[in-house]
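Please read the points below alongside the coordinates. They go from the whole chain to its parts and end with single residues.

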Amino acid sequence: MSGSNSVDRDLRRRAEAVIPGGMYGHQSVALLPDDYPQFFASGEGAWITDVDGRRYLDFMCAYGPSLFGYAHPGIDAAYARRLGQGDVLTGPSPLMVELAEAMVAMVSHADWAMFCKNGTDATTMAMMAARAQTGRKTIVLARGAYHGAAPWCTPRPGGTTAEDRANQVFCAYNDIASLEAAVASAGDDLAAIFAAPFRHDAFVDQAAPDPAYARRARDLADERGAMLVVDDVRAGFRVVRDCSWEAIGVRPDLSTWGKCIANGHPISALLGNDRARSGAASIYVTGSFWYAGAAMAAGLETLKLVRETDYLERIQTLGERLRAGLADRASAAGFGFRQTGPATMPLFLFDDDPDLRKGFCWSSAMLAHGVYVHPWHNMFLCAAMNDADIDFALDAAEQSFQTLKMQAHDLPPVEKLAFLAAR
Ligand SMILES: Cc1ncc(COP(=O)(O)O)c(C=O)c1O
């Protein structure tokens, strides 16, 4: 693989001049190893090519949206067909009703759907709909859970005010006593309990939802006449072909969706049951591009593949093969290597690695071998991956563990992650 990254470096330099900070948000590589490219030229199937022409097997899948692979011919053809008939019109096309029907048919708790563009739109609408429905203000959230980047939920405080975060109470995920205490502190003002389908916070091990915690959240919402919200923006359709908490038998009132529901075309959704319908109907939410037909056509095609193919079983099997192969190779090389989360959305962390210097070294080595992994965020498998890709990743991993073994004793601190030690 060529070592040059001159095109990326040049783009970064130009970006510094015309884009604040050079890049922003979750796709900024500021907190990744220095050799990670910022800019990409193309994606096809499970592979991406950076602007310097290097190809990588991509375990980020655009941070989730690519469920069936980049540039999927069937999905993109549906998108392009609709584009040819007009995309953003003075009103929605019939596809909006068809897509709402398709989502409601797939997701057990849902009686209705509203569409928007980003996951943050959907989570913000969930909060508004819950408040409108209950006439109350307080929402209970798990500390550290990501629900988007609006002032009420963005993880960094810059540009927000304390008032933006008013009426929020935090609990610890999977901790029933802490959930009960948060709900109690809301008194008679509880509008909603928000929950991630499993703990998928950055920098820490992922954790499956404790069914007892999920059931308690449901019961507390019922006792208080509040709404239970599951934020499936990230995990949707990578756990089950339904709301993710269906797997543990707990149905929310509202669920939020985005990322992969149109395989990367821009659309997100708030789904709800009839208990939440009038609240949802009463809020004023909209956007110039929310009713665009092309992303809806892509969504319908994606949902068809979700319903009619064995994509989920395939990515689960591939994920389990990857997990087992990595575990063998890590232990053969003598590393404690934690793989958490569903096999379709793994997160890798090394033991005894507080500032992730081992994780950075191993991830950089993987990158050099043509595999794009993330050292501190959960990853994603997609249905365009196959056994040969997993073999390729495992070969890269074996060599990368050897690289790490040679360097592990004198790795420099990762200055950009020094804040982790202070947590
Ligand atoms: C669980 C969860 N909720 C909400 C969001 C926000 O989605 P978006 O970035 O599309 O606004 C994300 C994005 O990563 C997410 O993972």
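This is a predicted model: local features need pLDDT of at least 70, side-chain atom pairs count only at pLDDT 80 or more; totals for chains, interfaces and linings use all residues.

1. Strand β10 and its partners. Leu254 has Gly272 as its bridge partner in β10. The strand that runs over residues 254-257, β9, is joined to β10 by 4 bridges in the antiparallel sense. Strand β4 (residues 112-116) also pairs with β10, again antiparallel, and here there are 5 bridges. In that pairing Trp112 is the residue opposite Gly272.

2. The chain contains 12 helices and 13 strands. Its C-alpha trace spans about 60 × 55 × 45 Å along the principal axes. The radius of gyration is 22 Å; a compact globule of 423 residues would have a value near 22 Å, so the two agree.

3. Buried residues make up 45% of the 423 in the chain.

4. Domain 1 contributes 21 residues to the contact and domain 2 contributes 18 residues. On the side of domain 1 that touches domain 2, the elements giving two or more residues are β11 (337-340) and β12 (347-350). That side of domain 1 is made up of 12 nonpolar, 8 polar and 1 charged residues.

5. The nonpolar core. How many residues does the largest nonpolar core have? The count is 122 residues, and Ile193, Val229 and Cys382 have the most contacts inside this core. Helix α8 (residues 293-308) gives the most to the core, namely 7 residues. The core lies between domain 1 (6-70 + 310-421) and domain 2 (88-291), because both give residues to it. In soluble globular proteins, nonpolar side chains tend to be buried together.

6. Surroundings of Val229. Which residues are in contact with Val229, leaving aside neighbours within four places in sequence? They are Ala126, Ala130, Ala192, Ile193, Phe194, Ala195, Pro252, Leu254, Ser255 and Thr256. One of these contacts, Ile193, is also listed with Val229 among the residues with the most contacts inside the core. Another, Leu254, is the residue whose bridge partner in β10 is Gly272.

7. The open sheet. Four strands form an open sheet with mixed pairing, in the order β1-β2-β3-β13. Its edge strands are β1 (40-44) and β13 (371-372), each of which pairs on one side only. Strands β2 (residues 47-50) and β3 (residues 55-58) run antiparallel and are joined by 3 bridges. Trp47 stands opposite Leu57 in β3.

8. Positive phi values. Most residues other than glycine have a negative phi. Tyr63 is not a glycine, yet its phi is positive, at about 65 degrees. Tyr63 lies in the loop between β3 and α2 (73-83). With 15 other C-beta atoms within 10 Å, Tyr63 is partly exposed. Asn167 likewise has a positive phi, near 65 degrees, and is found in the loop between β5 (138-142) and β6 (168-171). Asn167 is partly exposed, with 15 other C-beta atoms within 10 Å. The backbone at Tyr63 and Asn167 can be inspected directly in the model.

9. Glu313. Is this residue buried or exposed? Glu313 is exposed, because 9 other C-beta atoms lie within 10 Å and a residue with 12 or fewer counts as exposed. Its place is in helix α9 (residues 311-333). Glu313 and Ala235 are 78 residues apart in sequence, and their C-alpha atoms are 15 Å apart in space.

How values were computed
Residues are numbered from 1 along each chain as its sequence is written. A nonpolar core is a set of buried Ala, Val, Leu, Ile, Met, Phe, Trp, Tyr and Cys residues joined through C-beta atoms within 7 Å. A residue is buried if 20 or more other C-beta atoms lie within 10 Å of its own, exposed if 12 or fewer, and partly exposed in between; C-beta atoms are placed from the backbone. Domain bounds come from an automatic or database domain assignment. Two residues are in contact if their C-beta atoms, placed from the backbone, lie within 7 Å. Ala, Val, Leu, Ile, Met, Phe, Trp, Tyr, Cys and Pro count as nonpolar, Asp, Glu, Lys and Arg as charged, and the others, Gly among them, as polar. Two strands pair if DSSP finds at least two bridges between them. The radius of gyration is taken over C-alpha atoms; the globule rule is 2.2 Å times the number of residues to the power 0.38.
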